[in-house]
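Me: Could you walk me through this structure, one question at a time? I would like to see how each answer is reached.

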Amino acid sequence: MINTLLIANRGEIACRIMRTARELGMTTVAVHSDIDHQAQHVLQADLAIGLGGAKPADSYLLMDRILAAAHASGAQAIHPGYGFLSENADFARACEAHGLIFVGPPASAIDAMGSKSAAKSLMEQANVPLVPGYHGEAQDLQAFLDAAAAIGYPVLLKATAGGGGKGMKIVESAAAMAEAFASAQREAQSAFGDARMLVEKYLLQPRHVEVQVFCDQQGNGIYLHERDCSIQRRHQKVVEEAPAPGLPPELRRAMGAAAVKAAQAIGYVGAGTVEFLLDARGEFFFMEMNTRLQVEHPVTEAITGQDLVAWQLRIAQGEQLPLTQQQVPLRGHAIEVRLYAEDTDNDFLPASGTLKLYREPAGGAGRRVDSGVVEGDVVSPFYDPMIAKLIAWGETREEARLSLLNMLRETVVAGVQTNLSFLSRILAHPAFARAEVDTGFIPRHAEQLLPAAEPLDDRFWHTAAKAWLLARPVRSAATAATAGPWAELNSWRAGLPARSRVHLRCADLDRSFAAVDVSGCSYDPATRTLLLTDGQQRCRYPLLVGGQVLYLQWANTWQRIEPFDPIAEVEHSQQHAGGLQAPMNGSVVRVMVEPGQQVEAGAVLLVLEAMKMEHSIRAAEAGRVKAVFCSEGELIADGTLLVEMEDAP
Ligand code: ADP
């Protein structure tokens, strides 16, 4: 019996596992690195034990400390989640040696699938179809050239110890082999400490279809249907769905049976995933088996109505599989997207930073969000940059797709670069809507999925200006309450529609507005909605206030809008030009200098009044005033030349 469960992981998967463990009445124990001491998985656990360090090697990968934590907390079992120690056979063995249940397969099964080459040999013996290729012992260039010539180019080199797409290289011709081989070996050596390679026929635009299998300790094995995870960047999944669209039932059964056969060939126990490539003719080939819970398991849970973590925990305690193959439901369709902190415009490189603003979509029927962060948390460069998983279920694929698009629209992240709008563009793409998915999807549609930033048009800027006037943060509750409208800086005029000058910055662009009319428009902070009326037209826009910044949803993207002080900007930027221009419409309150006068850096030259505030225009450097083009009391227009300076003689 497991009364206390230690979760040797972090982030969303640790939180996910704890949720089920709690439902099963277990006490939950978290372990954490130093920088994670306030992380959600720590706060949600009944007990938390520090491991030290920040880097995985100094924390989540320290087997001895984790085992000690298990003993100290009285845990009977360890769930490894995914990543970290989840596919480490030594850790599974160490758990057993310490009398702890490792929630996963036996160490021997992890070993069997740990090397892609060994796994392929095993599958070959079990008559599971393989991608044509070479996975032998010989590791010299000639062996690979011969193998590639036999299977035909293009071929794919893979690290036998590989994972996460590392150490993989496509080779188009024999001429390119030597260099690619050496480079893939180097990459594999540095990523896995093991340079061994295999080579496979590189299938053109196959689908990645994987089968969820489950086996119990009594020798029963079943499959819980399949997932299509073809939408990938850098050979890594970003969108997953279940079931695989358009898969004929007989193919589903054939792939399911092959997957169960693969699992049983290695004496598998627990949850596992057998990954296949499926070609356009409906032929499928074994790729590898992941001996753990997958990131994308929620889509399987959604279509089967089962809790896979509960299954894992029950089976680990010796219970039998709760369903027979015939009893496994398949209802509706589910799609998951992985929200990553990454720079989509820069080859999807991981990003990090503080989640200054973080809003998850609202809950609701068929909606699920798995995450392990809250606003204010740091996405650290030490761990996987996935922030959350958004999952939508519907009776049909289209229903799930539209629901997930809505969830993405409701999601807000600021402070860290993410793939949020990239995910929306994938889901909204007509080819995705038509289920034309294969592993070439992202490169094929890159132009639409990764468009150059659209210039923000006038309509955007006018909406932003109105949003600012209606929703901008109040400076302080006390001043607002006592001083009333008179203390406001927005040109409020008694009995007249609110009109004001506004200076806004968005996407590195600045815009100033002479007069903004917000009559008939409103902002509702409760629903975070901006309502604009323009003649007969009424438009609603999602709008959020965060600190001194607004976030306006425009064309499916959250635009960050902040104010800027044009005069301060002038002080910084325009002074070197020799002439000082009025940054805005206003009036000259005072002229402090005369032509010929020497001034020090920082001296006030003029005082302008605009936006009911005085702004000093100062000299950036010491110099001499050459000419003054304005006089006190004069009304000046934006861009008028006010003072000309020359260097001191
Ligand atoms: P890793 O373990 O590094 O994730 P996999 O072997 O699981 O690597 O492959 C990752 C992805 O690479 C697959 O989902 C697929 O998109 C692509 N891929 C792998 N093998 C082939 C192949 N032989 N032909 C075409 N694409 C492949």
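Predicted model: local features only at pLDDT ≥ 70, side-chain atom pairs only at ≥ 80, totals over all residues.

Me: Which side chain has an N or O atom 2.9 Å from an oxygen atom of the ligand?

Reply: Let's go through the polar contacts, pairs of N or O atoms within 3.5 Å. Leu203 uses a backbone N or O atom, 2.9 Å from a nitrogen atom of the ligand, so it is the backbone and not the side chain that counts there. The side chain of Glu275 does face a ligand oxygen, but at 3.2 Å. The side chain with an N or O atom 2.9 Å from a ligand oxygen is that of Lys158.

Me: How much of the ligand's accessible area does the protein cover?

Reply: On its own, the ligand has 550 Å² of accessible area. The part of this that the protein covers is 95%.

Me: Are helices α4 and α5 roughly parallel or antiparallel?

Reply: Helix α4 covers residues 89-97 and helix α5 residues 107-114, and their axes are 8 Å apart. The contact is made by Ala89, Ala92 and Arg93 of α4 with Ala107, Ile110 and Asp111 of α5, which by class is 4 nonpolar, no polar and 2 charged residues. The two helices pack at an angle of about 175 degrees. Because angles over 145 degrees count this way, α4 and α5 are roughly antiparallel.

Me: Where does the proline joined to Tyr153 by a cis peptide bond lie?

Reply: Omega for the bond between Tyr153 and Pro154 is about -5 degrees. Pro154 sits in the loop between α7 (141-151) and β7.

Me: And which residue is joined to Pro243 by a cis peptide bond?

Reply: Pro243 is found in the loop between β12 (236-242) and α9 (249-265). Omega is about -5 degrees for this bond, and the partner of Pro243 is Ala242.

Conventions. Residues numbered from 1 in each chain as written. Heavy atoms only, no water. Polar contact = N/O pair within 3.5 Å; in protein donor to acceptor, adjacent residues only side chain to side chain. Areas by Shrake-Rupley, 256 points an atom, 1.4 Å probe, with all protein chains shown as cover. Axes fitted to C-alpha atoms, helices over the stretch in contact; angles between N-to-C directions. Helix = DSSP H or I, 4+ residues; strand = E, 2+ residues; numbered from the N terminus. Parallel < 35°, antiparallel > 145°, perpendicular 65-115°, else oblique. Contact = heavy atoms within 4.5 Å. Nonpolar A, V, L, I, M, F, W, Y, C, P; charged D, E, K, R; others polar.
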